[in-house]
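Subject: Two-chain model, handover

Hello,

Please find the model below, with notes on what came out of the analysis.

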Amino acid sequence: MQTTTHHQPTTSPEIGGVGHSIPRVEDARFVQGAGNYLDDVNLPGMLHMAILRSPVAHANLVSIDDSAAMALDGVLAVVTGELMAAHNLAWMPTLSGDTQAVLATDKVRYQGQEVACVIATDRYIAEDALRLIDVEYEELEPITNPQRSLEADAPLIRTDKEDVTDNVSFTWEAGDQAATDAAFANASKVVTLETHYPRSHPSPLETCGIVADVNPATGQATIYMTSQAPHAHRTLFALVAGLPEQNIRIISPDIGGGFGNKVPIYPGYVVATAASLLIGLPVKWVESRTENLISTGFGRDYYMTGSLALDDDGRILGLRTDLLADQGAFYSDAQPTKFRAGLFHIVTGSYDFAAAHVTAKGAFTNKAPGGVAYRCSFRVTEASYLIERLIQNAAYEIGMDPAEFRRINFIQPDQFPYTSPTGFIYDSGDYETAMQKAMDMVGYDEIRAEQAAAREEGRLVGIGMASFTEVVGAGPAHTYDIAGLKMFDSAELRVHPTGKAILKLGVKTQGQGHETTFAQIVAEELGIPATDIAVMHGDTDNTPYGLGTYASRSTPVGGGATAMVARKLRDKARKIAAHLLEASPEDLEWEPGKFSVAGSPDASVTIQDIAFAAYTNHPEDEEAGLEGVHYYNPPNMTYPFGTYIVVVDLDSDTGVWTVRRMVAVDDCGVRINPMIVDGQIHGGLTEGFAKANMQWITFDDDGNCIGSNFMDYLVPTAWETPRFELGETVTPSPHHPIGAKGVGESATVGSPAAFVNAVIDAVAHLGVRNIDMPVLPDRVWKAIQNA
Amino acid sequence: MYPPAFEYQAPDTLEGALAALAELGDEGRVLAGGQSLIPMMKLRLAAPSHLVDINRISDLSYVRRENGSLCIGALARHNDVVGSDDAKASGVVSSAAPWISDPLVRNRGTVCGSVAHCDPEGDWNSVMLAARASVVAQSSSGSRTIGIDDFIVSFFTNSLEPGEMVTAVCVPIPSGASGGAYMKLERKIGDYATVGVATQLELASDGTIAQAGIGLTAVNYQNTRASAAEDLLRGETPSDELFAEAGAAAAAASDPQTDVRGDAEWKRNVVAVYTRRGLAQALASATS
């Protein structure tokens, strides 16, 4: 695929197809406060739920006395694990094939675990009642890191599982061990990095919540839920709760950010639904900020060791990595079934070498479960971070500039499709062009010269780079699934008689701009103006089945489905046009919005004329109407890439570093709405900066979560976020219907290594090779002191 | 936000507020900007049974010069100090104001509320130590003035009696050339200080240091005056070496804890660096 600097739109601005930066249609309601979020849903007679959570990290549950809470005016029920167990709902499956406690019955395994729920007439009463429940705990040793978890004398966390005698959640490997061993045996130099990618939290601004409304007369369960995957959740509800699936309707309203946090099913959803079923009234539960941060799906928390084998010329021969995952109390990574460490084996990144081997192990600890794909395609973030950090360290060891080292090891454009040593088939790429563009934008050589001069004056300047490759858009159904559901996706398109249309999606926006972007795909394919197309999603009764939005899959998969269903309609439109023009379908020529007879351009009909005819004057041998549905199973993943460069100034007296420049060149193939893509990249870079600079969830030795509110878990605002300078190259995906790749996560995936590499680069001449994230000033200062 | 139930009143006059506080004694809490109290109530860390909201008492909303002092009334918001010409009379006060939390908090939170809160991670009490402030406390039975060193008792503890409230805090305006600086290391805008150092210098006509004030934030169980460092400076001619010595003395006066914000040894180092840099900045503004 040819790489270009920009994709030229083929439709007019009035049509607003692919390549036009049209304003986001959803923003009109959001900026006027007229969105409809979960907490805006209020039903007649609705009750409120609050959750009592464990204050300790590891303890046997001795007794629960709820008599005082039950006696409080306005309290209808206190739900305990015992009650849930009576309905066979005390445990539920996770997305990684484990089981998770809905409400504790035997013991509590992390601080914040759900112990009991109060159902009351208002939330204030429910919260007051929580304080009246008396729980007796018998405390056990809390395990706060996976290293301790794996020691022989560590207490067993999963006493609920038969035949389990240790705290190992999984082991897994990928790649070719023998070939990798041989590569290392032939190496003239081996470079090793040990680093921790700390636990972080997706922390969407809107927390998770549910309004469960089970009608006792009809058995119909209408469930409003902050869900990134409403269809998959409907099926899981049917399987877990035993409700007939035709009676379950999940409505995911406007969502204030998801980032992977709204992929799992949480205990609160199950209890609220069960309570509504038992009481016969709607039940609402909306998490507090603290509940969201301490109990719902976290991201990362991988301890990683990576080694690169190098030859005399600085060529990479092989890569060996070993992972230890801090899993929390339950194994609930959201990831395809086959892949126990997600897609971490993309760790070979943008580089061409023959041998790689990945080993991974997960350990249970007394922390919240999670391992969700936080703005990330299933652990690709950790992989990208490790390889890009290793690349820079390897360049130092062989005395080569990190950019040059990348250049000689990149996969070359003529090698695509490229099969990686762990079995991925990269669709397209041109890594050197993107890197060169970023270097030109930042003025790489000038800054390197300034860095040298600054060191002479005792000033510290650092330049860090990351040339990442992502793998997104799961996926081909033969390989990728979630809980057994294959990862295709769907689109249904109905063109109304007046030429306006409604598009119904199996994917679900959480702020990404689907209502704009997906309308633009239809506009591109059918020539109907994007502003004439309504986009509907999130309501399982009114949209086709899909796996939802996460892991940058909406454009690669749902976008593919949208283009394909529009093409189906265009094929039918051609037949109707032929009927109207009294010509043969093969003799018609298409331009956006119009069919005309070849050689007689005046003999033409618009797509709007055709739509009207579909309901008023359709050919006798065709069905009436102009609508269709398409289930798209992508032939491959897509592989967006790019180069990010960060320049920092570092105060050696204090260890404080500040970002002077941040240049980001992204190649996500064809950009549907360039403005929205820029916004996605801005957001992702901000999250990458946060992780590099300030953000982590940590625990004290007792297992208390440090980071339970936004005073302790830091989310950067516009004030401290650096200014970003964006650039692009365009290498279309050869297999995607419109050449697009996913982009929502590229910047979160690629940027942390660029920031950290920049800080390391400022002190590399002192011998510093690693500072773990977040790169806090005390860690930098200590690294300098110890150098 | 789901706090426990509480009673609430919002008197129109100071007399009304003081009468309410006299009646409520220990049960009453003053609500001014609410930027610390409301989050604590939200987390149920504080559960006052009765709030006396003073936001209607507009007489208390001032930043002004009074009898050789800069006085800040109980309803003056942090941002009122940021925008005040009068506040420029105290270098350390005007330097610190833009460093308080974030713009949202500065628009709502009050200086006197922060002083009364005595959070050792709060900025204003270090500034008030450096500026040698006095706190004006009133109750239904009268008014008294408390020196800032006596006002700060301990961790979240002041020396107010039940029924008393802070109505103003006043700092003396230096008669000679003076300058001040507040240096704050924070993780992000809106964060509490990881380390904060307030410095104020007043010069004699011969250029020697007539008075020095240094207050330290977040490195002890309360905001702390670096007395030994001040003693080192007083009467001396300013120099880089002198400021470095004062920095070392300030570091010695700090006893920070290792926590998620950073390691104790590093924090002590930051105290030394920021004291040195703050004094240099204070001197530069005193002599400019």
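Two residues are in contact here if their C-beta atoms, placed from the backbone, lie within 7 Å. On that basis, take the contacts in chain A between residues at least 6 apart in sequence: 80% of them join residues at least 24 apart. For chain B the corresponding share is 65%. Please keep in mind that this is a predicted model.

Chain A

Chain A contains 19 helices and 35 strands. Its C-alpha atoms fill a box of roughly 85 × 75 × 50 Å along the principal axes.

The domain assignment divides chain A into three parts, two of them listed here with their segments: domain 2 covers 38–140 + 207–255 + 262–295, and domain 3 covers 377–474 + 637–786. Domain 1 is made of 27–35 + 489–632. Between domain 2 and domain 3 of chain A, the C-alpha centres lie 39 Å apart. Their contact takes 9 residues from domain 2 of chain A and 9 residues from domain 3 of chain A. The domain 2 side of that contact has 4 nonpolar, 4 polar and 1 charged residues.

The nonpolar core

The largest nonpolar core has 325 residues. Those with the most contacts inside it include M49(A), V118(A), V522(A) and V759(A), together with V169(B) and A250(B) from chain B. Helix α18 of chain A, residues 746–763, gives the most to this core, with 11 residues. For V522(A), leaving aside its neighbours within four places in sequence, the contacts are L493(A), A501(A), L503(A), I528(A), I533(A), T562(A) and A566(A).

Chain B

Chain B comes to 11 helices and 14 strands. Its radius of gyration is 19 Å, close to the 19 Å that the globule rule gives for 288 residues, so chain B is as compact as a globular protein of that length. The C-alpha trace spans about 55 × 45 × 30 Å along its principal axes. Buried residues make up 50% of the chain.

The assignment for chain B gives domain 1 (7–53), domain 2 (62–172) and domain 3 (178–287). The C-alpha centres of domain 2 and domain 3 of chain B are separated by 19 Å. In this pair, 24 residues of domain 2 of chain B are in contact with 27 residues of domain 3 of chain B. On the domain 2 side, the elements that give two or more residues are α4 (91–96), α7 (124–131) and β8 (152–154) of chain B. The most comes from α7(B), with 6 residues. By class, that side has 12 nonpolar, 7 polar and 5 charged residues.

Contact between the chains

The contact takes 13 residues from chain B and 21 residues from chain A. On the chain B side, the largest share, 4 residues, comes from α11(B). The chain B side has 8 nonpolar, 2 polar and 3 charged residues.

Helix α11 of chain B runs over residues 264–287, has 24 residues and reaches 34 Å from its first C-alpha to its last, close to the 34 Å expected at 1.5 Å a residue.

Backbone exceptions

Most residues other than glycine have a negative phi, and most peptide bonds are trans. The places below depart from this and may be worth a look.

- The peptide bond from A474(A) to G475(A) is cis, with omega near -20°. G475(A) sits in the loop between β21 (460–469) and β22 (481–482) of chain A.
- M773(A) and P774(A) are joined by a cis peptide bond, with omega about -10°. P774(A) lies in the loop between α18 and α19 (777–786) of chain A.
- R379(A) is not a glycine but has a positive phi of about 75°. R379(A) is found in the loop between β18 (355–364) and α10 (380–398) of chain A, and counts as buried, with 28 C-beta neighbours inside 10 Å.
- A218(B), also not a glycine, has a positive phi of about 70°. Its place is the loop between β13 (209–217) and β14 (224–225) of chain B. A218(B) is buried, with 28 other C-beta atoms within 10 Å.

Regards

Methods
Residues numbered from 1 in each chain as written. Chains lettered and ligands numbered in written order. Predicted model: local features only at pLDDT ≥ 70, side-chain atom pairs only at ≥ 80, totals over all residues. Core = buried A, V, L, I, M, F, W, Y, C linked by C-beta atoms within 7 Å. Buried ≥ 20, exposed ≤ 12 C-beta atoms within 10 Å, placed from the backbone. Expected span 1.5 Å × (residues − 1). Nonpolar A, V, L, I, M, F, W, Y, C, P; charged D, E, K, R; others polar. Domains from an automatic or database assignment. Rg over C-alpha atoms; globule rule 2.2 N^0.38 Å.
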